[in-house]
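Hello,

Here is the structure I said I would pass on. Please open it first and keep it beside you while you read the notes below.

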Amino acid sequence: MIRAFHRWPGLVALALVALLAVSGAALSVFPTAERLGAPQADATLRVGELATRIQMVYPGVEQIKRSPSGRITAYWFDNGTPGSAVIDPATGAGAGSADPNPVKRWLTTLHRSLFLDDAGRILSAAGATAMLLLSLSGIMLVSRRTGGWRRWFSPLRGSLPGRIHVEVARIAVAGLLLSSATALWMTASTFGFLPNQAVVPNLPSTVSGKTGAPLAGMPMLASTPVSVLRELSFPYPGDATDVFTLKTDSGTGYLDQGTGATLGWSDLSGWESVSETIYMLHTGQGAGLLGLMLGLMALAVPVMGATGTIIWYAGSRGRPRIRDNATPSRAETVILVGSEGGSTWGFAATLHCALTLAGLAAHVAPMSAFDPARTPTARRYLILAATYGDGSAPASAKGFLDRVAGLSIMPAASLAVLGFGDRAFPAFCAYAEAVEAAAKAKGWTTLLPLDTVDRQSPQEFARWGRALGDALGIELELDHQPVRPKTAPLTLVSRRDYGQDVQVPTAILRFAIPTLSFVQRLVGQGFARFEAGDLIGIVPEGATVPRFYSLASGSKDGFIEIVVRKHVGGLCSGALMALEPGDTLAAFLRRNPDFHAAKDRVPLILVGAGTGLGPLAGFVRANSGRRPIHLYFGMRHPDSDFLYREELEAWLSEGRLAALTTGHSRGTLPRYVQDAIASQPLEVVRAMREGARIMVCGGREMAAGVAETMARILEPLGMSPAKLKAEGRYVEDVY
């Protein structure tokens, strides 16, 4: 519900909100520019002395105004001709034209009313309302995504547009909330929906009838600093019954022009003070730095509008539509989905359809949206949870365990957890196990024991569905038809073969980037943008699930490159190793942002063995900034499977690679890559003290051996692989 509440105002009002934000950002520059360009009064200068100086230069002066920026403007008549000027308070003489800035006037009219008078003001108010709704709903969505308020600025993962959208939002949302709320207040005031409680003193019934009292001698003018002046209006020439009107930051008063006596005074009402504060907060008048900050935050609106549109477009194509999705408030069954790449949503759609056909009202939502208060009629929760990495929560489940831990009373509805994973990985369904353990620890009633689905097996999913149907007392057949990802044809342009002499046929395969449409490039679909460490997925003939290979190149390199080792009986590796230049295959891209080399200057320690060198070589190739990178590479024999040998030597000479240490398990003086690391503990310690990040890619056994070696080296520093993983300084891509 909150996501829809955020999405549709944003999409519908995008152009209007962006126009108001950009024009507001442009207007935010003027208060500071005016402050810097206008002569400023000395802090000790009083209004009486300033008025005397101006009157000496302009005898016909009728009014003196001071803007919140400190600019002083005088207005006068000279032989019936009106005049005005910006005043230098040190001399009382003109220092520049007082004519309004035409650009500022044009922008102000555009921002306030879109050149449409009252109709435009109403339209602008609608834009401000949309911005307020977007800010409030965005705050709740960011909190959900990061796992709670305390993790507001926690690291993000996901697609680049998604990360940009949230990063910009959580910095700018406070300013956008302030700007939209104050805009609505000012609109309500303009149309008279707020009470006007301005207090003005009554005009004096009697005056001295005299004229000509010296301005500097009038007590009120002599004691009032120029810094609080707003306006001083002079009596009409020749009218002894008229008075001076003085307006300051604290109130309004009348002064006798013959004696200088104060004839009446009224302080600003509380309502006026609030209204003026709101005006200052919205425009930055009198607070130039605040205005500039709000202007910069306003520029985030078109950025978030563009990235939000990309997210919506990609999401509408990438996630299955859940037809007849019941509202949370009336759902009997709540299906919560924890997915990283999106495939688990397909299983959720199949389950939802079957339950709906059985007459049960079912609602599907991400695990990150879990809130029992929103689902009061729920009788059961069905959690479909994939596992990310070595047991972490997938993207759509972030914060779920914290919410469960924070519940004082568990839902009366029962719970069933189904884990999705791949038994080839050591952390098979580890996150689903963590969910089950957390639920049991809180005493949550179980509908079914934890079950798992290996490699997206439709058969195992159907088996679980039958068990669920028995528990519910209904027939439930889950006929899941996996949707093959949309692929693009890749044409092989070159290959280099290694490893024949040591019985590990390996090849570096380079493909051309497929031709992309303008829309694909705009929204980053397909192979429009990718980095080393991302994955390409290939579904070989005879297989139902894709095989993934880490990319050894980025889109800026102009080609797609992977490293493949042929496995005995391997469908995908066999098909890839059979390719010759000119042959094509169908593949798709999957982002893997947690295994990217961050764009900073901290040192990198890269560790890889065999085909695990692929993405690490891509990191080094992209290191045009010459950040310190030390690569540890393990192979079988340097004469047979020394992958990227020529490139690595060139990158060393160019400075893209600071150091290269190799290990080989065959030949003279054999040693594994972890042994190579163990031989250089001081280099590792020095890099870690400089804030280095460790990135490991390759087989599970190799990664485990590297972790053990690193643990021994780092123990004296109070570090460990586990602690560094929690900090994001030790990442693995293992298989």
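This is a predicted model: local features need pLDDT of at least 70, side-chain atom pairs count only at pLDDT 80 or more; totals for chains, interfaces and linings use all residues.

Arg 455 sits in the loop between strand 13 (451–454) and helix 15 (458–472). Its phi is near 55°, which is a positive value in a residue other than glycine. Gln 456 is in the loop between strand 13 and helix 15 as well. Gln 456 is not a glycine either, yet it has a positive phi of about 55°. With a relative accessible area of 28%, Gln 456 is partly exposed.

Now the whole chain. The protein chain has 23 helices and 24 strands. Its radius of gyration is 35 Å, whereas the globule rule gives 27 Å for 735 residues; the value is well over the rule, so the chain is more spread out than a compact globule. Along the principal axes, the C-alpha trace spans about 115 × 70 × 50 Å. Of the 735 residues, 48% count as buried. The accessible surface is about 34,700 Å², and carbon and sulfur atoms account for 57% of it. Taking contacts between residues at least 6 apart in sequence, 70% join residues at least 24 apart.

As for charge, there are 69 positive and 60 negative side chains. The centres of these two sets lie 3 Å apart.

Next, some strand pairs to look up. Strand 1 (residues 61–66) runs antiparallel to strand 2 (residues 72–78), and 5 bridges join them. In this pair, Val 61 stands opposite Trp 76 of strand 2. The two strands form a hairpin with 5 residues between them, and Gly 70 in the turn has a positive phi of about 95°. Strand 1 is also joined to strand 5 (residues 229–233), by 3 bridges and again in the antiparallel sense. There, Lys 65 stands opposite Glu 231 in strand 5.

Which residue takes a positive phi in the hairpin of strand 7 and strand 8? It is Gly 260, with a phi near 80°, and this hairpin has 5 residues between the strands. Strand 7 (residues 251–256) and strand 8 (residues 262–267) pair in the antiparallel sense over 5 bridges. Leu 255 stands opposite Thr 262 in strand 8.

Regards

How values were computed: Residues are numbered from 1 along each chain as its sequence is written. Side-chain values use heavy atoms; hydrogens and water are left out. Helices (H or I, at least four residues) and strands (E, at least two) are DSSP runs, numbered from the N terminus. The radius of gyration is taken over C-alpha atoms; the globule rule is 2.2 Å times the number of residues to the power 0.38. Buried means under 20% relative accessible area, exposed over 50%, partly exposed in between (1.4 Å probe, protein chains only). Contact means heavy atoms within 4.5 Å. Accessible areas come from the Shrake-Rupley method with a 1.4 Å probe; for residues, only the protein chains shown count as cover. Lys and Arg count as positive and Asp and Glu as negative; His and the chain ends are not counted. The place of a charge is taken as NZ of Lys, CZ of Arg, CG of Asp or CD of Glu. Two strands pair if DSSP finds at least two bridges between them.
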